[in-house]
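Biologist: I'm new to this one. Can you put it on screen and walk me through it?

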Amino acid sequence: MTNPTPTNSRTPAPGRPPAAGPAAPRAAVGEPKGAARKGVPSALRPDPHPGDGRYPIAWLAISSPRYGHMPTAASRCECGWDHSAIGHAQVRALIEALTAHRTACPLRNPQDGRAVA
């Protein structure tokens, strides 16, 4: 004969304490209580440092690790101009080339609307 009640039933066996019930849901640690609904006052204020519309389009990085070692330089422009140099003479030449590029760069000097010479 089989037992009419399954072994995993919720009724305790005679002489045994009842099984623990489901635990109540716990609040997450550090959970904000209504903070998200109020908003942050600093987010409502205007930016204290508003931009003036300018942004960098060209970079020049020169590095010399120690006195007497060979310097390196890298130059990049948003128009696609990207050059690097190693050594004193090449770094000087790169600086001169970057100075010349500043006058010819299409991002610094747009040609739209100008009369062609």
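This is a predicted model: local features need pLDDT of at least 70, side-chain atom pairs count only at pLDDT 80 or more; totals for chains, interfaces and linings use all residues.

Biologist: Is Glu78 buried, exposed or partly exposed? And what about Arg76?

Modeller: Glu78 is partly exposed, because its relative accessible area is 42%. Arg76 has 41%, so it counts as partly exposed too.

Biologist: Let's zoom out. How many helices and strands are in the protein chain?

Modeller: There are three helices and three strands. From the N terminus on, the order is α-α-β-β-β-α.

Biologist: What share of the residues counts as buried?

Modeller: The protein chain has 117 residues, and 12% of them count as buried. Its accessible surface is about 10,800 Å². Carbon and sulfur atoms account for 58% of that surface.

Biologist: And contacts across the sequence? What share joins residues at least 24 apart?

Modeller: Take contacts between residues at least 6 apart in sequence: 20% of them join residues at least 24 apart.

Biologist: Now the inside. Which residues make up the largest nonpolar core?

Modeller: Eight residues: Ala73, Cys77, Trp81, Ala85, Val91, Leu94, Leu98 and Cys105. β2 and α3 each supply at least two residues of this core. α3 gives the most, with three residues.

Biologist: What does Cys105 touch, beyond its neighbours within four places in sequence?

Modeller: Cys105 is in contact with Cys77 and Cys79, leaving those neighbours aside.

Biologist: What about His101? Where does it lie?

Modeller: His101 lies in helix α3, which covers residues 88-104. His101 is buried, because its relative accessible area is 12% and the cut-off for buried is under 20%. Past its neighbours within four places, His101 is in contact with Cys77, Cys79 and Trp81.

Biologist: Stay with α3. Is Arg92 buried or exposed?

Modeller: Arg92 is found in helix α3. At 52% relative accessible area, Arg92 is exposed. Arg92 and Ala73 are 19 residues apart in sequence, and 9.3 Å separates their C-alpha atoms.

Biologist: Let's move to Ser75. Where is its place?

Modeller: Ser75 is in strand β2, residues 72-77. Ser75 counts as buried, because its relative accessibility is 1%.

Biologist: Which backbone oxygen lies 3.3 Å from a polar atom of the Ser75 side chain?

Modeller: That is the backbone oxygen of Trp59. Leaving aside neighbours within four places in sequence, Ser75 is in contact with several residues, including Trp59, Leu60, Asp82 and His83.

Biologist: You mentioned Leu60. Which strand is Leu60 found in?

Modeller: Leu60 is found in strand β1, residues 58-63. At 36% relative accessibility, Leu60 counts as partly exposed.

Biologist: Last one. Which residues make the nonpolar surface patch?

Modeller: Leu60, Ile62 and Ile95 make a nonpolar surface patch of about 230 Å².

Definitions and conventions
Residues are numbered from 1 along each chain as its sequence is written. Side-chain values use heavy atoms; hydrogens and water are left out. Patches are made of residues with over 30% relative accessible area and no salt bridge: like charges are joined within 9 Å, nonpolar side chains (Val, Leu, Ile, Met, Phe, Trp, Tyr) within 5 Å. Accessible areas come from the Shrake-Rupley method with a 1.4 Å probe; for residues, only the protein chains shown count as cover. A salt bridge is a side-chain nitrogen of Lys or Arg within 4 Å of a carboxyl oxygen of Asp or Glu. Helices (H or I, at least four residues) and strands (E, at least two) are DSSP runs, numbered from the N terminus. Buried means under 20% relative accessible area, exposed over 50%, partly exposed in between (1.4 Å probe, protein chains only). A polar contact is a pair of N or O atoms within 3.5 Å; within protein, one must be able to donate a hydrogen and the other to accept it, and residues adjacent in sequence count only if both atoms are side-chain atoms. Contact means heavy atoms within 4.5 Å. A nonpolar core is a set of buried Ala, Val, Leu, Ile, Met, Phe, Trp, Tyr and Cys residues joined through side-chain atoms within 4.5 Å.
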